[in-house]
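The points are grouped by topic.

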Amino acid sequence: MLSNFRKCSVCGQEMPTYASKCSNCGAVADVKRNSFVSFWLWFCAIINGLCVIGYFALLFSSKGLWTSTPEPTWLRLMWLVGSAVILCGYIMLIKWNKKGFYLLSGMCGVNMIINLIVNGISLSVLSPVISIAILYAILQIKKDGIEYWEAMEIRQ
C-alpha cells in the first residue's frame with residue numbers, strides 16, 4: 001500500500017507527499033522524475049525538433065510531402081508552426097512546467113481542426129486526442145510515490 005507520506009532527505013521527518021518543504025527543518029523537497037518519463041519527454045522533443053527542421057525544408061520544396069503535387073503554403077506553414085509549438089510544449093514539460101501540457105492540449109485541438117479541414121471526417125481527426133491521452137497517462141507515472149504531474153506543482 002502506498003503511503004501519503006515521505007521522509008525529508010535532510011532531517012528524516014515524515015512529511016506529506018505533496019509538501020514542497022519540510023515543516024520540521026524547512027528543507028526544500030527533492031522531487032525527481034521517473035526515468036521513463038524523462039526518456040519519453042526527451043524522445044518527443046527530439047522527434048518534434050526534427051519535424052520542425054523537416055517542415056522548414058518543405059517550405060522551399062517544389063514537391064509535396066506525400067505526393068508530387070505540393071500542398072498549399074498555408075498548410076505547410078501550419079505544420080511548421082504547429083510542430084514548433086509542440087516542441088516548446090515538450091521543452092516546458094522537461095523544465096517541470098505544467099503549462100507545457102496545456103500548450104500541447106491546445107495544439108491537439110488545433111491539429112484536430114486542421115485534420116478536419118484537410119482530410120474531412122476520418123480517423124486522423126482523433127489521433128491528436130489519443131496522443132494527448134497517452135502523454136497524460138505517462139505524466140501520471142510515479143517516482144518515490146509522487147506522480148510527475150504532482151511533482152511539477154511541487155517544483156514550481
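Asn115 is buried, because its relative accessibility of 19% falls under the 20% cut-off. The residue belongs to helix H3. The model is a predicted one.

**Asn115**

- Beyond its neighbours within four places in sequence, Asn115 is in contact with Gly120, Ser124, Val125, Ser127 and Pro128.
- Val125 lies 10 residues from Asn115 in sequence, and the C-alpha atoms of the two are 5.4 Å apart.
- Asn115 is also one of the H3 residues that meet H4, where Ser127 and Pro128 are among the residues on the H4 side.

**The chain as a whole**

- The chain has 5 helices and 4 strands.
- Read from the N terminus, the order of elements is β-β-α-α-α-α-β-β-α.
- Of the 156 residues in the chain, 36% are buried.
- Among contacts with a separation of 6 or more, 49% join residues 24 or more positions apart.

**Helix H3 against helix H4**

- The H3 and H4 axes cross at roughly 165° and come within 8 Å.
- H3 and H4 are therefore roughly antiparallel to each other, since the angle is over the 145 degrees that the term requires.
- The crossing of H3 past H4 is right-handed.
- On the H3 side, the residues that meet H4 are Phe101, Leu104, Ser105, Cys108, Asn111, Met112 and Asn115.
- On the H4 side they are Ser127, Pro128, Val129, Ile132, Leu135, Tyr136 and Leu139.
- Sorted by class, this contact of H3 with H4 has 10 nonpolar and 4 polar residues, and no charged ones.

**Helix H2 against helix H3**

- Helix H2 covers residues 73-94 and helix H3 residues 99-119; their axes are 8 Å apart, at an angle of about 160°.
- That angle makes H2 roughly antiparallel to H3.
- H2 passes H3 in a left-handed crossing.
- H2 contributes Trp74, Leu75, Met78, Gly82, Val85, Ile86, Cys88, Gly89, Tyr90, Met92 and Leu93 to the contact.
- H3 contributes Lys99, Gly100, Phe101, Leu103, Leu104, Met107, Val110, Asn111, Ile114, Ile117 and Val118.
- The contact of H2 with H3 has 17 nonpolar, 4 polar and 1 charged residues by class.

- Gly89 lies in helix H2 and is buried, with a relative accessibility of 0%.
- Not counting residues up to four places away in sequence, Gly89 touches Gly100, Leu103 and Leu104.
- Gly89 and Tyr102 are 13 residues apart along the chain, with 8.0 Å between their C-alpha atoms.
- Trp96 sits in the loop between H2 and H3, and its relative accessibility of 9% counts as buried.
- The phi of Trp96 is near 65°, a positive value in a residue other than glycine.
- Most residues other than glycine have a negative phi.

**Aromatic pairs**

- There are 12 aromatic pairs in the structure.
- One of them joins Phe101 and Tyr102, with 6.0 Å from centre to centre and 70° between the planes, an edge-to-face arrangement.
- Phe101 is buried, at 8% relative accessible area, whereas Tyr102 is partly exposed, at 49%.
- Tyr136 and Trp149 also form a pair: the ring centres are 5.3 Å apart and the planes stand at 70°, so this pair is edge-to-face.
- Tyr136 is in helix H4 (residues 127-139) and Trp149 is in helix H5 (residues 148-155), so the pair ties together parts that are 13 residues apart in sequence.
- Tyr136 is partly exposed, with a relative accessible area of 36%, whereas Trp149 is buried, at 13%.
- Phe36, Phe39, Trp40 and Phe43 are linked into a cluster by ring pairs.

Methods: Residues are numbered from 1 along each chain as its sequence is written. This is a predicted model: local features need pLDDT of at least 70, side-chain atom pairs count only at pLDDT 80 or more; totals for chains, interfaces and linings use all residues. Side-chain values use heavy atoms; hydrogens and water are left out. Rings of Phe, Tyr and Trp (its six-membered ring) pair if their centres lie within 6.5 Å; planes under 30 degrees apart count as stacked, over 60 as edge-to-face and the rest as tilted. Buried means under 20% relative accessible area, exposed over 50%, partly exposed in between (1.4 Å probe, protein chains only). Helices (H or I, at least four residues) and strands (E, at least two) are DSSP runs, numbered from the N terminus. Axes are lines fitted to C-alpha atoms, for helices over the stretch in contact, and angles run from 0 to 180 degrees between N-to-C directions. Angles under 35 degrees count as roughly parallel, over 145 as roughly antiparallel, 65 to 115 as roughly perpendicular and the rest as oblique. A crossing is left-handed if the near helix is turned anticlockwise from the far one by less than a right angle, and right-handed if clockwise. Contact means heavy atoms within 4.5 Å. Ala, Val, Leu, Ile, Met, Phe, Trp, Tyr, Cys and Pro count as nonpolar, Asp, Glu, Lys and Arg as charged, and the others, Gly among them, as polar.
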